[in-house]
Amino acid sequence: MKRSLYEADHEAYRDTVREFLAREVVPHQHDWDEQRWIDRSVFARAAKSGIYALQVPETYGGSGEADYRYRMIVCEEIARINALSFGLTVSLQDDLVLHYLLDLTNDEQKQRWLPGFAAGDLIGALAMTEPSAGSDLRGMRTTARRDGDNWILNGQKTFISSGIMSDVLVVAAKTDPDGGSRAFSLFVVERDTPGFERGRKLDKLGLPAQDTAELYFEDAVVPAANLLGDEGKGLQYLMSHLPRERLGVTAKAMATTRAIFDATVEYCQNRQAFGAPLTDKQHVRFELAEMETEIDLAEAYTDRSVLAYNAGELSAVDAAKGKWYLSELQKRVIDRCLQLHGGYGYMMEYPVARAYLDTRIQTIYGGTTEIMKEIIGRDIAAR
């Protein structure tokens, strides 16, 4: 069944993305993984080549292009070369941080941050998770109190993607202990903020080149001009931006699942066992048939979600459905693909082994599978 998501302009853009990755990422991705660090200059070249930040208005140096299909193509091409640490960092910019800076900033803030973001000179991060608060956003303990023209932040964040590299961080903090759902506000904390310190770079199971860190705020002095949106609406802002974040996880999962499956099909066609290709074995063909069917069906839902997002119609419930199902499908398919590779699947030189480690986190971040099911279940129960 021919896929109908893309038009000619999208396929022309694919050529641009593919050429950029071949020139700027493929020669370096192994070294980045070994060094546990991506050379940040690649993000400036990526932004200037239109690999991300397309949605930034032309006034601030972007293209003003909001069509998510371009973002989907970036996911697919990054998955094709298995550069998932690089891909997550790009997703963090395009699917998370950028939309807080586009949607919640005033004109002065836009002038301060969007040009650097559009040029790839400014790397962002989102700081919500705390040692005692992951999916439960209301459990956050980081506080902010007003002090004249500043806010004073105290607390700790953990598991923050790009926490070391980032220049600006969107930080959630409690501004009213008795405020209930209006207890939280968002702030942009800049790199050299007094009282803000970065902890250790965390040693993760996968995604070695993508830095993840602990953050500490000890009487950190944040100018009042760095309040993002209105005081007390932080929880509302976080919830309203989750569909885009979860669509980003869906897009990455879809792209990586397809790429690893395609690589596995090629492996099974070429790998000889008992004097014939693996695809001569009925069991192998059945395994491939089941996986391709599931992937094709999931792709149809993903494409529908992309078009719904473009139309401003992707609901939090529908985004949650895609997030949990695609991330779980990815986990299941990659595990089966590794099995079909046999011993070679356990070798890090094969894409399936790297992807097996790098993608495991996707059923967890952006809201766990269990939380996604709870969101969907509550919606069903309330009908």
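Grid points are joined across faces, edges and corners, and a volume is the space filled by probe spheres set on the points.

The model is predicted, so I note that local features need pLDDT of at least 70 and side-chain atom pairs pLDDT 80 or more, while totals for chains, interfaces and linings use all residues. Residues are numbered from 1 along each chain as its sequence is written, and side-chain values use heavy atoms, without hydrogens and water.

Searching the whole structure, I found four cavities of 30 Å³ or more.

Two or more lining residues come from each of helix 4 (68-81), helix 5 (84-103) and helix 7 (234-270), helices being DSSP runs of H or I with at least four residues, numbered from the N terminus. Helix 4 contributes the most, five residues. I also recorded that domain 1 (8-119) and domain 3 (236-382) each supply at least three lining residues, with bounds from an automatic or database domain assignment.

I then turned to the second largest cavity, with about 110 Å³ of space. Among its 15 lining residues, Leu54, Glu65, Arg71, Asp94 and Arg244 lie nearest its centre, and the elements giving two or more residues are helix 4 and helix 5.

Definitions and conventions
1 Å grid on protein atoms, 1.4 Å probe; cavity = no way out; pocket = protein on both sides within 12 Å on 5 of 7 lines; lining within 4 Å.
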